[in-house]
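Me: I am new to this one and would like a friendly walk through it. Could we look at it together, one question at a time?

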Amino acid sequence: MSDQVRVVLADDHPVVRAGLEALLTSLPGIEVVAVASTGREAIRAVVTTRPDVAVLDLQMPDLDGFAATRELARSAPDVAVLVLTMFEDDDSVFAAMRAGARGYLVKGAEQEEIARAIRAVAAGEAIFGPGVARRVLGFFAAPPPTSDPFPDLTTRERQILDLLAAGLTNTAIATRLDLAAKTVANNVSTIFAKLGTADRAATIIQARNAGLGVPKDRK
């Protein structure tokens with residue numbers, strides 16, 4: 001890659017598109033080689049001109065920025081995609097990353113920030129605007145969500161299953177939860193059906209494998 005970074009710009013708003021083109025053209029070392037207003041136009045422009053960077057909005061007619069990014073990752077993998085959009089929600093950020101974007105900026109970014117991002121993705125780096133970077137770091141810093149092994153059970157059924165796994169009889173469970181013995185028996189039958197188990201022993205094994213039935217001070 002030469003010192004001059006060649007860029008294709010795609011945005012569906014004429015005023016925004018013209019402003020971005022003027023901004024990028026004014027930056028030293030950056031050359032706008034094509035401008036597009038739709039996702040499909042952007043792909044054609046990239047395939048035709050083979051720029052270093054494609055700067056894409058996410059919301060475009062006929063093919064949105066996510067689909068355009070996926071297509072460019074397939075048809076022009078050597079071209080880096082930098083998303084420049086008004087959306088900064090987690091779903092948009094991570095969907096763009098999964099599609100193959102190397103950078104993500106929110107519209108309103110300073111001129112120098114845009115220039116730095118274009119040069120960075122052209123050089124093979126990944127770059128995010130400050131707010132987006134905090135979201136990405138927060139996502140990876142957060143503990144992974146705990147999956148629910150029995151999502152079909154109600155709160156009451158889960159309580160009964162926990163006590164069942166602890167070895168309590170239906171009568172003892174009824175006493176513990178202040179329920180009628182028949183109510184507990186009905187719930188136990190429903191639990192068998194939801195877990196797909198044939199009997200009490202198989203149900204207890206499945207529940208214990210999921211961590212139920214363990215005294216709270218030993219969990």
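Predicted model: local features only at pLDDT ≥ 70, side-chain atom pairs only at ≥ 80, totals over all residues.

Me: Let's begin with salt bridges. How many does the structure hold?
Reply: Side chains of opposite charge can pair when their charged atoms come close. Here a pair counts when a side-chain nitrogen of Lys or Arg is within 4 Å of a carboxyl oxygen of Asp or Glu. By that rule, the number of salt bridges in the structure is 5.

Me: Which residue does the side chain of Asp11 meet in a salt bridge, at 2.6 Å from N to O?
Reply: Asp11 sits in the loop between β1 (5-10) and α1 (14-26), and its partner in the loop between β5 (103-106) and α5 (111-122), so the pair ties together parts that are 96 residues apart in sequence. At 2.6 Å from N to O, the partner of Asp11 is Lys107.

Me: Where does Glu157, the partner of Lys194, lie in the chain?
Reply: Lys194 and Glu157 meet through their side chains in a salt bridge of 2.8 Å, N to O. The two are 37 residues apart, and the pair links distant parts of the chain. Lys194 is in helix α9, whereas Glu157 is in helix α7 (residues 155-165).

Me: And is Glu157 buried or exposed?
Reply: Lys194 is partly exposed, with a relative accessible area of 34%. Glu157 has a relative accessible area of 6%, and the limit for this class is under 20%. So Glu157 is buried.

Me: Now for the helices. Are α8 and α9 roughly parallel or roughly perpendicular to each other?
Reply: Helix α8 (residues 170-177) packs with helix α9 (residues 181-195) at an angle of about 115°, their axes being 8 Å apart. Angles from 65 to 115 degrees count as roughly perpendicular. That is why α8 and α9 are roughly perpendicular.

Me: How many residues in the contact of α8 with α9 are nonpolar?
Reply: On the α8 side are Asn170, Ile173 and Ala174, which meet Ala181, Val184, Ala185 and Val188 in α9. By class there are no charged residues and 1 polar one in this contact, and the nonpolar residues number 6.

Me: How do α3 and α4 compare: are they roughly parallel or roughly perpendicular?
Reply: α3 and helix α4 (residues 90-99) pack with axes 8 Å apart and an angle of about 20°. Under 35 degrees, an angle counts as roughly parallel. So α3 is, relative to α4, roughly parallel.

Me: Which residues of α4 make the contact with α3?
Reply: α3 passes α4 in a right-handed crossing. From α3 come Phe66, Thr69, Arg70 and Ala73. From α4 come Ser92, Ala95, Ala96 and Ala99.

Me: Last one: which residues does Gln206 touch, not counting residues up to four places away in sequence?
Reply: Gln206 lies in helix α10 (residues 200-209). With 30% relative accessibility, Gln206 counts as partly exposed. Leaving out residues up to four places away in sequence, Gln206 touches Phe150, Leu195 and Thr197.

How values were computed: Residues numbered from 1 in each chain as written. Heavy atoms only, no water. Axes fitted to C-alpha atoms, helices over the stretch in contact; angles between N-to-C directions. Helix = DSSP H or I, 4+ residues; strand = E, 2+ residues; numbered from the N terminus. Parallel < 35°, antiparallel > 145°, perpendicular 65-115°, else oblique. Contact = heavy atoms within 4.5 Å. Nonpolar A, V, L, I, M, F, W, Y, C, P; charged D, E, K, R; others polar. Buried < 20%, exposed > 50% of the residue type's maximum accessible area, 1.4 Å probe, protein only. Left-handed = near helix turned anticlockwise from the far one by under 90°.
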